[in-house]
Amino acid sequence: MLTFTIRRLVLSIPTLLIIALVIFLLLQLAPGDPMAQVPLTVPPEVKEKMREALGLGQPLHVQFLKWLVQVFWIEPKVFIDWLTRESWLLGWLPDTALYQGELRVISWQTRSPVMDIVVQRLPQTLWVVGMAYVVGILIAIPIGIYSAYRQYSIFDQAGTFVTMIGFSIPPFFTGPLLIVIFSVQLGWFPFIYDTTHVVNDWDSFVYQLRQMIMPVMVLALQTTAQISRFMRASVLDNLNQDYVRTARAKGLSEAVVVMIHVLRNSMIPVITVIALGVPGIFGGAIITEVVFSVNGIGQLLITALFANDLPMVQTLTFIFAVLIVLFNLIADLLYGVLDPRIRYD
Amino acid sequence: MTDPTPDKITPIAALQDTAPLRPPRSQWRDVWDQLKHHKGAMLGGGFLLFVTLAVLFGELIWQLDPKKLDIRNKDIRPIFSAIWDSAAKVDWAHPLGTDNLGRDHLAQILAGGRASMAVGWAAMLLTMLIGTTIGVLAGFFRRLDGPLMRFTDLVLSLPILPLMLVAVTLFRQPLRANFGPETGMFILIVGVIGVTSWMQTARIVRGDILALKEREFVLAARASGTTARNIIFRHLLPNVLSPIMVSATLGLATAIITESALSFLGVGFPSDFPTWGKMLADAVPRMQEFPERVMLPGIMISVTVLSVNYLGDGLRDALDPRIRGR
C-alpha cells in the first residue's frame, strides 16, 4: 500500500507538470493582448516597456520556468512563513523567515500576489460549496438506501424522477428559479449573498443561514442526484448477497441487516465517488457563484478572464487541476483502505 | 417384398405446424419492441423529435423575424398571464410576449432552439467521432493502447469548465474574423465541447473492443485474411454500436447544457444572436417584473435535456440483451 501511494504520488508530478504546460501554452497562444486596454495616446515605446515590466519580453520557456519556480518554490516559502508567524496551529514555532522578498505571482488586475487574493476568496467558496456537498450527501444516502430497499415502489419511482430532474436542470436555471420563487414571490431569502456579513450573534447567524440556503440548495440538488443513484445501485448489489441472507437467517432485525451489514459494504464504492466529485463541484460552483454573486474562486476566475489577467487565470486553473489530481489519488487510496480485498500490490 | 415408399411423408397430427414459421427478427426490431414499452423513453423521444422539427420548420409557420425590433410593442406579457392578471398587457399577435426591445418571444425561442440544438447535435457527433476513434485505436492496436489511455487519463484530470471558458474567451476574436461572428462561434463552441468530452466514450469503446477482439468471429475473420481496417469496420464497430448510442444521448444532453452555460456566462454567441442560454441570461436582471422570460427558455433547456436523458435511459435498457425480453 505504501509503495503504491508513493508511486502514485511520484507519477502525479509529471501529470501536473504537463497540465501546467498545457494551460500555459493555451494562454500564451491565445491572441488576447494585455495591453489592449491601454489608451491609444500612450506611445509605442512606453507600451513596450510596460510589456517588459509585466514579464512579457522573455522567451516562452523562461516565462514558464519562472512561473513554475514562483508557484512551487516561492509560494510554499510564503505559506510556511505565514504558518509559523500567524497561524494558531504552528504559531509557537520560531518565525522561519524563508521568504526574502522575491517576486511572487502577481495579478495584473490588482498588482497584488495572486495567492493572497485566492486565500481571501477561498472561505466563501468553501462555505457554500462545502456545505452544499455535505447537505447533498446527507440527503442522498438515505434516499439511495430506501429506494434500493423498496425497489420499484412509488418512493423509488419518485426518487428516480427527482434524480433525472437533478441531472437535467442546469444550475443557471435552478438558481434564477429559486430566486423568483423564494426571493421575489415569497420574500423569504435574500437573493444576493452578502460576503461582508459578520456572524457575531444569533440574529446575524440566522441571516447567514438564510442567505446560504438557496446557493446550497442549487448545488446540493446536483450532488443528491448523482450520489443517490450510486448509493441505490450499490445497495441493490449488496442486498442480493449471501451474507445478507445469513444475517437474516440468524434472526437479526431488518434495521441491523440494512443499516449495519449492507450499509457498511455498500458505502465502499460510494465513498470513492464522493471523493471523485469534490473537484467537480468546485468547477460547477462557478455558475452558482455567478448567479448568487458569491465572490468566491469561481467568480474570481470569470472576472480575471474578462480582464485578461493571465497570471491569475493560469494559477486558478492550475489549482483546479491540482484538486482533481489530488482527489483522484485520494479516491484510489480510499478504495484500497476501505476494501482490503482490493490492494494494488 | 417391401412396400414402395410413399411419395410424400406426412407427419402425424401432433407434429404438424399449425401456423407458418415467423420470419427471423433483426436485432434492431427487438430493440425497438423493448423500447416501445419504456414510457419515459417514448415520451422523451417524442418530445425530442417535436423540438427538433419545431426548431427546424417552426419559422415557416411562425414567420416573425426574431431580431426585428418593434419598440411600440415592447414588454408584452405572454397570453396565459391574462388568466391571473386581467390588467396584463397581452396580445394574440405575440402569444409568448415580447422582450424589452419588442422582439417576439416565440420567434426567439424557435431561433434560439435552432442554435442550441445545432450545437448539441454537432458537438455530440464530434465527441462520438473522437471518442470512438481513440477507443477503437487503443483497443485494437496494442502498441497504441498505453500512450492513448495515458493521454485520456491526462485529459480527464484537466479542469474542463475553466479551460473551456479560457479557450472560448481567448480564441473568439480570430475565429470571428475568419468565419464571421456566428459561424466562428459555432465552430469554436462545437470544437471546444467535442475536444473536452470524448473521454468516457473512448474508455467504454476501448473496453468493449478489448473483449470483442478475442472472440472467435474476429479470429475467423483474421484467418480468412481480412485486413485490420475491414475487421474494425465490418466486425467490431457494429458490435460496439449500442454503448456508443447510449453515450451519444448522454453527450447530446451534456452538450446542450454546456452550450447554454457558456452563453449564460456571456462567452457564447454574439449578443444579437438568440440561444436559450443567452435568453435566460439576458432576462435575469429583470426577472422580478418578467419572471416568464427566465422560465420559458429555462423550461425549454430543462425539458429537452430531461427528454434526452429519458431516451438514453430507455435505450440503455433496450440495448442490454440481459434485460431485453423481460
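Read from one end of its sequence to the other, chain A follows the pattern α-α-α-α-α-α-α-α-α-α-α. Its secondary structure comes to 11 helices and 0 strands. The C-alpha trace of chain A spans about 85 × 60 × 45 Å along its principal axes. Please keep in mind as you look around that this is a predicted model.

How confident is the predictor, then? For the complex it gives an ipTM of 0.78 and a pTM of 0.81. Chain A averages a pLDDT of 81, with 91% of the residues scoring at least 70. Among the elements of chain A, helix α2 (residues 44–53) has the lowest mean pLDDT, 76, while helix α8 (residues 242–249) has the highest, 91. For chain B the average pLDDT is 82, and 91% of the residues score at least 70. Here the lowest mean among the elements belongs to helix α6 (residues 172–179) of chain B, at 77, and the highest to helix α9 (residues 216–223) of chain B, at 91.

In an unreviewed entry, UniProt lists residues 125–149, 161–184, 204–222, 268–292 and 312–338 of chain A under "transmembrane region". You can check two of these spans against the model. Residues 125–149 of chain A are 100% helix and 0% strand, and their end C-alpha atoms are 36 Å apart. Residues 161–184 of chain A are 92% helix and 0% strand, with 27 Å between the end C-alpha atoms.

Next, turn to the place where the chains meet: 36 residues of chain A are in contact with 34 residues of chain B. On the chain A side, the elements that give two or more residues are α1 (2–29), α5 (154–168), α6 (171–185), α9 (254–292), α10 (297–306) and α11 (310–338) of chain A. Of these, α11(A) brings the largest share, 8 residues. By class, the side of chain A that touches chain B divides into 30 nonpolar and 6 polar residues, with no charged ones.

In the model, residues 41–62 of chain B are 95% helix and 0% strand, and the end C-alpha atoms are 29 Å apart. For residues 183–205 of chain B the span is 91% helix and 0% strand, with the end C-alpha atoms 31 Å apart. The UniProt annotation "domain: ABC transmembrane type-1", from an unreviewed entry, covers residues 113–312 of chain B. Over residues 113–312 the chain is 82% helix and 0% strand, and the end C-alpha atoms lie 20 Å apart.

How do helices of chain B pack against one another? The crossing of α3(B) and α11(B) is right-handed. Among the residues making this contact are B:Trp121, B:Met124 and B:Met128 of α3(B), together with B:Leu252, B:Ile256 and B:Glu259 of α11(B). The residues of this contact divide into 10 nonpolar, 6 polar and 1 charged.

The helix α11(B) also packs against helix α13 (residues 291–319) of chain B: their axes come within 9 Å and cross at roughly 170°. Because of that angle, α11(B) is roughly antiparallel to α13(B). This contact includes B:Leu252, B:Ile256 and B:Ser260 of α11(B), and B:Val305, B:Val308 and B:Arg316 of α13(B). By class, the contact of α11(B) with α13(B) has 13 nonpolar, 6 polar and 1 charged residues.

Helix α4 (residues 142–156) and helix α8 (residues 199–212) of chain B pack at an angle of about 150°, with their axes 10 Å apart. They are therefore roughly antiparallel to each other. The crossing of α4(B) and α8(B) is left-handed. The contact is made by B:Thr152, B:Val155 and B:Leu156 of α4(B) and B:Met199, B:Ala202 and B:Arg203 of α8(B). Its residues divide into 4 nonpolar, 1 polar and 1 charged.

Note on methods: Residues are numbered from 1 along each chain as its sequence is written. Chains are lettered from A and ligands numbered from 1 in the order in which they are written. This is a predicted model: local features need pLDDT of at least 70, side-chain atom pairs count only at pLDDT 80 or more; totals for chains, interfaces and linings use all residues. A crossing is left-handed if the near helix is turned anticlockwise from the far one by less than a right angle, and right-handed if clockwise. Helices (H or I, at least four residues) and strands (E, at least two) are DSSP runs, numbered from the N terminus. Two residues are in contact if their C-beta atoms, placed from the backbone, lie within 7 Å. Ala, Val, Leu, Ile, Met, Phe, Trp, Tyr, Cys and Pro count as nonpolar, Asp, Glu, Lys and Arg as charged, and the others, Gly among them, as polar. UniProt positions are given in the numbering used here, feature names are shortened, and annotations may be inferred rather than shown by experiment. pLDDT is the predictor's confidence in each residue, from 0 to 100. Axes are lines fitted to C-alpha atoms, for helices over the stretch in contact, and angles run from 0 to 180 degrees between N-to-C directions. Angles under 35 degrees count as roughly parallel, over 145 as roughly antiparallel, 65 to 115 as roughly perpendicular and the rest as oblique.
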